[in-house]
Structures are given as C-alpha cells and as structure tokens.
Amino acid sequence: MKEDTLFKSTLQMLVPLIIQQMCIHYHISEDDAVTALYTSKLYADLERERTKLWHLSPLRLADLWHEELAEGQVTYPEEA
C-alpha cells in the first residue's frame with residue numbers, strides 16, 4: 001500500500017514537469033499539452049508502475065510523447 005501511495009505521489013509531481021517540457025520544446029499550450037498527455041498511450045503506460053517509465057526525465061518523456069504523436073507508436077528505452 002505504501003509503495004502505491006509513493007508511486008502516485010511521484011506521478012503527481014512528474015506530470016506537470018512533462019507538460020512543461022511539452023510546452024517549451026513542442027510549442028503547444030498548457031491546455032493542449034494536458035489533453036495530449038492524458039490521452040496518450042505513453043501516459044497509460046506511465047500510470048503502470050511496473051513499466052518504470054517514471055525513472056525517465058520529464059524531457060525524455062516529452063520526447064517519447066512527441067515520438068508517439070509523430071510516428072503513431074513509441075519505442076521505450078531499455079533503461080525504462
């Protein structure tokens with residue numbers, strides 16, 4: 001139970017940082033970034049602790065989101 005709470009807290013802190021990177025590097029509004037992230041496969045995978053995607057930097061996660069958007073799929077790095 002404690003690990004689940006810790007993971008949820010980590011995710012709550014990470015998501016705004018990812019959104020910020022999406023806005024900075026991909027020049028989209030915050031509202032659009034929020035919608036785009038929460039509707040992405042990346043976010044669905046990020047929500048699952050076992051994927052370990054939360055270990056990646058916010059910028060790397062924003063880049064993975066952009067890869068999904070541009071190519072229709074995302075390839076996760078082995079270190080995730």
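Is Y38 buried, partly exposed or exposed? At 42% relative accessibility, Y38 is partly exposed (buried is under 20% relative accessible area, exposed over 50%, partly exposed in between, with a 1.4 Å probe and protein chains only).

A few notes for all the views: this is a predicted model, where local features need pLDDT of at least 70, side-chain atom pairs count only at pLDDT 80 or more, and totals for chains, interfaces and linings use all residues. Residues are numbered from 1 along each chain as its sequence is written, and side-chain values use heavy atoms, with hydrogens and water left out.

**View 1. Confidence across the protein.** The average pLDDT (the predictor's confidence in each residue, from 0 to 100) is 94, and 96% of the residues score at least 70. Helices here are DSSP runs of H or I with at least four residues, numbered from the N terminus.

**View 2. F7 and W54, an aromatic pair.** The whole structure holds three aromatic pairs (ring centres of Phe, Tyr and Trp, the last by its six-membered ring, within 6.5 Å; planes under 30 degrees apart are stacked, over 60 edge-to-face, the rest tilted). F7 and W54 sit edge-to-face, 6.3 Å centre to centre with 65° between the planes. F7 is in helix α1 (residues 2–26) and W54 in the loop between α3 (41–46) and α4 (58–71), so the pair ties together parts 47 residues apart in sequence. F7 is buried at 10% relative accessible area, while W54 is partly exposed at 23%.

View 3. Y43 is buried, with a relative accessible area of 10%.

**View 4. Around L42 in the largest nonpolar core.** The core (buried Ala, Val, Leu, Ile, Met, Phe, Trp, Tyr and Cys joined through side-chain atoms within 4.5 Å) has 19 residues, and L42 is one of those touching the most other members. α1 gives the most to this core, seven residues. Beyond neighbours within four places in sequence, L42 has contacts (heavy atoms within 4.5 Å) that include L37, L61 and Y76.

**View 5. D45 with K41 and R48.** These three are linked in a network of salt bridges (a Lys or Arg side-chain nitrogen within 4 Å of an Asp or Glu carboxyl oxygen). The closest N and O atoms of K41 and D45 are 2.7 Å apart; for R48 and D45 the N to O distance is 3.0 Å. D45 is buried at 5% relative accessibility.

Methods
Helices (H or I, at least four residues) and strands (E, at least two) are DSSP runs, numbered from the N terminus.
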